[in-house]
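Subject: Structure handover

Dear colleague,

My notes on it follow.

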Amino acid sequence: YKFAGWCTTNTAGYYACDGMTYAAGDTLPASPSTSATAGGALNLYAMWGEICAGYTTMQSLSSSNIGTLLPSVGSTATVCDVRDETKYIIGKLADNKYWMLDNLALDLTNSTVLNGMNENNTHASNTTLGYLKGTTTGATSDQYATAKVSNWTSSYSYSAPLVNMASKDVVPTSYNSTDDPMKDAVVAGNWKVGGYYNYCAASAGSYCYGNGTSYGTSSGNATEDICPKGWRMPTGSTSGEYSALANAIYGSTGSTSDAIAYANYRSVLRLPLSGYFISGSAGYQGSNGYWWSSTRDSSNDMYRLRANTSSIYPADNIRRSYGFSVRCVLGS
């Protein structure tokens, strides 16, 4: 439950009040009505509301119970992330795994959301999350997270967790002029852009290497991230989960420019070509889309899924400073 405000009558219930209401931090009246006072004091009664009321929460799902919600390949459901009450579509796909079918839109630049993240609702430890919040000090190995969670305007950064939430709830306006063959489906289906996260942010502060001006040295795959508890970023490479899904859909783990295979993959995962964020602005919206994986390709790069207007690249790679989209798959 979450606090929903104050009520001047003792009939306060779930978001209900038949008297005056006040939000947290409101200034109380200098002369409250006598009907609401006792001994000159204003009596206030707390109102509470259920988090994600009416929706199954992502954090409550596991391999042992999700089959009831998604019984077969192709089935979908709308669920809720308890951290900010954002609703997402999830589905069971051709690889028999359970995927988010929307880009993650967790706003790490919102202090309420950020401070409310913990190891009970996020796929990361409290210590790791401290790098995002600025509560964990010191460095581990060559880790230099600096708790700079913001809509960044500078260029490349590897050591600070950087986020941009521009237009997170809308399809890019550039779709109006693109020849993306799935343009109409994207707009009509409202496939949301979500947030753009550099890898330091996507990994919940656990994979922040280098001094901010160089690549640094990585030490393996990311094992923590900003997905909901019980969910995680997919694995990359030709043996990873993006490639396995491609194999299940069109019989190949590699890239393809086959129009039918491309359209099927994008349609199944509901992939908007949301572009990326770097150097203070978003680019390639409507022509390319990029999604992080948890898998390292080299000391400098991480694997990603890349899509453009005619092709799918499930095992592409790129340096960690770019701001890309994040998807999550069920499983520890």
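Two strands are taken as paired if DSSP finds at least two bridges between them. Helices (H or I, at least four residues) and strands (E, at least two) are DSSP runs, numbered from the N terminus. This is a predicted model, in which local features need pLDDT of at least 70 and side-chain atom pairs count only at pLDDT 80 or more, while totals for chains, interfaces and linings use all residues. Residues are numbered from 1 along each chain as its sequence is written, and side-chain values use heavy atoms, with hydrogens and water left out.

Overall

The protein chain has 7 helices and 17 strands. Of its 332 residues, 49% are buried (under 20% relative accessible area; exposed is over 50%, partly exposed in between; 1.4 Å probe, protein chains only). Among contacts (heavy atoms within 4.5 Å) with a separation of 6 or more, 60% are between residues 24 or more positions apart. The chain exposes about 14000 Å², and carbon and sulfur atoms supply 47% of that area (Shrake-Rupley method with a 1.4 Å probe; for residues, only the protein chains shown count as cover).

Strands 14 and 15

A hairpin of 4 residues links strand 14 to strand 15. Across this pair, Tyr 290 stands opposite Arg 306 of strand 15.

Strand 6 (residues 76-80) is antiparallel to strand 7 (residues 87-92), with 5 bridges; Ala 77 has Ile 90 of strand 7 as its bridge partner. The hairpin between these strands has 6 residues, and Glu 85 in the turn has a positive phi of about 65°. Strand 7 also pairs with strand 8 (residues 98-100), again in the antiparallel sense, over 3 bridges. Here the bridge partner of Lys 92 is Tyr 98 in strand 8. This second hairpin has 5 residues between its strands, and Asn 96 in the turn has a positive phi of about 65°.

Three strands form an open sheet in the order 2-1-5, with antiparallel pairing. Strand 2 (21-22) and strand 5 (45-49) are at the edges with a single partner strand each, so one side of each has no neighbour in the sheet. Strand 1 (residues 2-7) meets strand 5 over 5 antiparallel bridges, and Gly 5 has Met 47 of strand 5 as its bridge partner.

Cores

A nonpolar core here is a set of buried Ala, Val, Leu, Ile, Met, Phe, Trp, Tyr and Cys residues joined through side-chain atoms within 4.5 Å. The largest has 52 residues, of which Ile 90, Leu 108, Tyr 197, Ile 226, Trp 231, Trp 292 and Val 326 touch the most other members. A second, separate core has 18 residues, including Leu 93, Tyr 242, Tyr 262 and Leu 271.

Helix 6 (residues 241-250) has Glu 241, Tyr 242, Ser 243, Leu 245, Ala 246 and Tyr 250 buried.

Arg 270 is in the loop between helix 7 (259-269) and strand 12 (276-278). With a relative accessibility of 15%, Arg 270 counts as buried. Its side chain reaches the backbone oxygen of Leu 101 at 3.0 Å.

Regards

Note on methods: Polar contact = N/O pair within 3.5 Å; in protein donor to acceptor, adjacent residues only side chain to side chain.
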